[in-house]
Amino acid sequence: MNTADAAYHTVHDYPGGSESLGPRVDISAAVLRNKVNPNNSTHHLTFSEAQRITAMTGDHRMLQAWAHAEGYLLVKAPAAGADSSDAAVLEQVASMLMDQGQFAASINAALADGDVNQAEMQEIAAAARKFMTSIVNIKQRMSGMVR
């Protein structure tokens with residue numbers, strides 16, 4: 001997902017959409033709607049507005065889209081006192097294995113016809129980011145277990 005789509009969906013997926021979110025982030029509903037409309041070239045979301053929207057909604061798709069567009073993985077640092085139990089690690093390992101399967105499946109699907117197109121490569125890249133992020137999450141969780 002690109003940053004413009006992420007901004008649009010962040011606002012429109014918020015309960016009540018721009019009508020509800022706008023006043024909470026000090027932007028009128030109509031202006032906010034225009035700022036996240038990918039077809040509008042006269043209104044633009046500022047960095048500080050995007051930060052306020054992300055903080056208010058708890059939706060990090062804009063941040064994630066920006067990181068991915070620049071070739072970065074976005075991994076949230078573990079909260080202090082995060083559960084570092086064996087069961088929590090096992091749950092993350094199981095999730096990582098599912099992500100690995102999705103990555104392999106995307107490669108398999110792309111190679112099935114002997115030709116890899118741009119859309120298939122985007123699917124592979126998205127699955128790869130998800131897989132790599134899950135690996136980093138496990139490493140962070142394990143780091144929390146070090147005494």
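What is the volume of the largest pocket? In this predicted model, where local features need pLDDT of at least 70, side-chain atom pairs count only at pLDDT 80 or more, and totals for chains, interfaces and linings use all residues, the answer is about 400 Å³. Residues are numbered from 1 along each chain as its sequence is written, and side-chain values use heavy atoms, with hydrogens and water left out.

A pocket here is an open set of points on a 1 Å grid over the protein atoms alone, where a 1.4 Å probe fits, with protein on both sides within 12 Å along at least five of seven lines; lining residues have an atom within 4 Å of a point. The volume is the space filled by probe spheres set on the points. Of the 17 lining residues, Gln64, Leu74, Lys76, Thr133 and Asn137 are closest to the pocket centre. Helices are DSSP runs (H or I, at least four residues), numbered from the N terminus. H5, H6 (86-111) and H7 (118-143) each bring at least two residues to the lining, and H6 has the largest share, with 6 residues. By class, the lining comes out at 5 nonpolar, 8 polar and 4 charged residues; Ala, Val, Leu, Ile, Met, Phe, Trp, Tyr, Cys and Pro count as nonpolar, Asp, Glu, Lys and Arg as charged, and the others, Gly among them, as polar.

Thr133 sits in H7 and, at 15% relative accessibility, counts as buried (under 20% relative accessible area; exposed is over 50%, with a 1.4 Å probe and protein chains only). Leaving aside residues up to four places away in sequence, Thr133 touches Leu73, Leu74 and Val75; contact means heavy atoms within 4.5 Å.

Over at H1 (residues 3-13), the helix axis comes within 8 Å of that of H5 (residues 61-69), and the two cross at roughly 170°. Axes are lines fitted to C-alpha atoms over the stretch in contact, with angles from 0 to 180 degrees between N-to-C directions. The pair is therefore roughly antiparallel (over 145 degrees). On the H1 side, the residues that meet H5 include Ala6, His9 and Asp13, while Met62 and Trp66 are among their H5 partners. This contact has 5 nonpolar, 3 polar and 2 charged residues.

In H2 (residues 17-24), Gly17, Ser18, Ser20, Leu21 and Gly22 are buried, under a cover that includes H1, H3 (29-35) and H4 (47-57). Asp26, in the loop between H2 and H3, is instead exposed, at 67% relative accessibility. Its phi is near 60°, a positive value in a residue other than glycine.

Terms used. Parallel < 35°, antiparallel > 145°, perpendicular 65-115°, else oblique.
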